[in-house]
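Q: I would like to learn how to read the features of a protein model. Could you take me through one, step by step?

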Amino acid sequence: MQSLWDGGTTPQQYEEIFVQKVAEKTGGAFELKLFSAGQIVPPAQSFDAVRGGAFELMKTFDGYTAGKIPAHAFTSTIPFGYKKSEDYAAWFYDLGGIDMAREAYAPAGLHYIAPVIYDQEPIHSRVEIRTVADFQGKKGRFTGLASTVMGGLGVAVTPLATAEVYSGLDKGLIDLADRGDLQANLDAGLDEVAKFIILPGVHQPTTATSYVANQAAFDQLPDEFRQALAEAAKEVSDAYQINKTKTDATALATFKERGVTVIELAEDDVNANRVKAAELWRQAAKDDPLANKILDSQMAQMKELGLLS
């Protein structure tokens, strides 16, 4: 298994927990050998590497492949969409989302096991942003569906790698950026190059990363092993969100202590722009039947949640 995360980071520690849980649930019979991001192939090549059998399992972010699989735009994050991780989780587990995610991966010979779902990531900015309209004309780093939506709101989107976000902000190549959660961004020193944090993270209010296996390898596993993978993923998802709630609070306090200004966008402003975002969601779905099926399902749930009228 190759992870999405660098070695020594908090998210990678949860992948180590995932591996441990799988082993425990199978009495030590099923052992996963874990590699961090880039140890086998660069993260952007994981999809093809697992598909080709270079390794059997990956932790990935579906947004990276949204350009060639439109459905992946909606199984990773929905900008201006779900505000709570439990609502996004309910779509996956109660409203058929996991089955639709599996349908999206199946043509590539890959099996979607389960997501890890967590709440917002912040936007770090060199410039003051007080309203959604203030994003107009700024240069920003975003990925996946966020690129489409933030671009539609007037941001000149630049597809920098995560490792290049610090230098991009430092050199003024970008004005603002999505990078990771608050603790990860604190660890990366973003307080040194961006003196504003914009909340809520409208570009990524909730996120789903995913465990995806080579289908042929998955099919060879006994049912007990398959079940262990799914159960461990769900448990890690819940534990990661609990930990993130704690680290968000402490990291935000430290950012403030280091002179970073935290700006909260007005709820009415965010709600009003969700209508515009929904039009951009539909554009991203293109004429892909599965992407539109997923989006229809999610928008129906959002109407029940009161996020859309």
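Q: How many nonpolar, polar and charged residues are in the lining of the largest cavity?

A: Happy to start there, with the general idea first. Rolling a probe the size of a water molecule over the atoms shows where empty space is left. Keep in mind that this is a predicted model. Here the lining of the largest cavity has seven nonpolar, one polar and two charged residues. The residues themselves are Trp5, Pro11, Tyr14, Glu15, Lys59, Val116, Tyr118, Thr209, Val236 and Tyr240.

Q: Which element gives the largest share of the lining of the largest cavity?

A: That is α1, with three residues. At least two residues each come from α1, from β2 (110-119) and from α9. The volume of this cavity is about 50 Å³.

Q: How many cavities of 30 Å³ or more does the structure hold?

A: There are two. The second largest cavity contains about 30 Å³ of space. Around it you will find Gln2, Ser3, Leu4, Pro43, Ser46, Lys59 and Thr60. By class, that lining splits into two nonpolar, four polar and one charged residues. Look for Lys59 in both lists: it lines the largest cavity and also the second largest cavity.

Q: Now for pockets. How much space lies in the largest pocket?

A: A pocket is open, whereas the probe cannot get out of a cavity. In this model, the largest pocket holds about 860 Å³ of space. Its lining is made up of 36 residues, and those nearest the centre are Leu4, Trp5, Tyr64, Thr162 and Arg179.

Q: Which element gives the most to the lining of the largest pocket?

A: The answer is α9, which gives four residues. The elements that each supply at least two residues are α1 (10-25), α7 (182-187), β8 (206-214) and α9 (223-257). Sorted by class, the pocket lining has 17 nonpolar, 11 polar and eight charged residues.

Q: Let us turn to helix packing. At what angle do α4 and α11 pack?

A: To read a helix pair, take the angle and the distance between the axes, then the handedness, then the residues in contact. Helix α4 (residues 97-105) packs against helix α11 (residues 289-305) at about 165°, and their axes are 11 Å apart. Angles over 145 degrees count as roughly antiparallel, so α4 is roughly antiparallel to α11. The crossing of this pair is left-handed. On the α4 side, Met100, Glu103 and Ala104 make the contact, with Leu290, Lys293, Ile294 and Ser297 on the α11 side. This contact of α4 with α11 comprises four nonpolar, one polar and two charged residues.

Q: Is the crossing of α3 and α11 left-handed or right-handed?

A: That one is right-handed. The axes of α3 and α11 come within 11 Å and cross at roughly 135°. An angle of that kind falls in the oblique class, and α3 and α11 are therefore oblique to each other. From α3, the contact uses Asp87, Tyr88, Ala90 and Trp91; from α11, it uses Ile294, Ser297, Gln298, Gln301 and Leu305. Five nonpolar, three polar and one charged residues make up this contact of α3 with α11. Notice that Ile294 and Ser297 of α11 touch α3 and also take part in the contact with α4.

Q: How do the axes of α5 and α10 cross?

A: Helix α5 (residues 145-152) and helix α10 (residues 267-285) have axes that come within 9 Å and cross at roughly 130°. So α5 and α10 are oblique to each other, and their crossing is right-handed. Leu145, Thr148, Val149 and Gly152 of α5 meet Lys276, Ala277, Leu280, Trp281 and Ala284 of α10. This contact of α5 with α10 counts six nonpolar, two polar and one charged residues.

Q: Last, the backbone. Which peptide bond is cis?

A: For the backbone, look at the torsion angles. The bond from leucine 199 to proline 200 is cis, with omega near -5°. Proline 200 sits in the loop between β7 (196-199) and β8.

Q: What is the phi of phenylalanine 80?

A: Phenylalanine 80 has a positive phi of about 65°, although it is not a glycine. You can find phenylalanine 80 in the loop between β1 (57-60) and α3 (85-94).

Definitions and conventions: Residues are numbered from 1 along each chain as its sequence is written. This is a predicted model: local features need pLDDT of at least 70, side-chain atom pairs count only at pLDDT 80 or more; totals for chains, interfaces and linings use all residues. Side-chain values use heavy atoms; hydrogens and water are left out. Axes are lines fitted to C-alpha atoms, for helices over the stretch in contact, and angles run from 0 to 180 degrees between N-to-C directions. Angles under 35 degrees count as roughly parallel, over 145 as roughly antiparallel, 65 to 115 as roughly perpendicular and the rest as oblique. A crossing is left-handed if the near helix is turned anticlockwise from the far one by less than a right angle, and right-handed if clockwise. Contact means heavy atoms within 4.5 Å. Ala, Val, Leu, Ile, Met, Phe, Trp, Tyr, Cys and Pro count as nonpolar, Asp, Glu, Lys and Arg as charged, and the others, Gly among them, as polar. On a 1 Å grid over the protein atoms alone, a cavity is a set of points where a 1.4 Å probe fits but cannot get out, and a pocket is an open set with protein on both sides within 12 Å along at least five of seven lines; lining residues have an atom within 4 Å of a point. Grid points are joined across faces, edges and corners, and a volume is the space filled by probe spheres set on the points.
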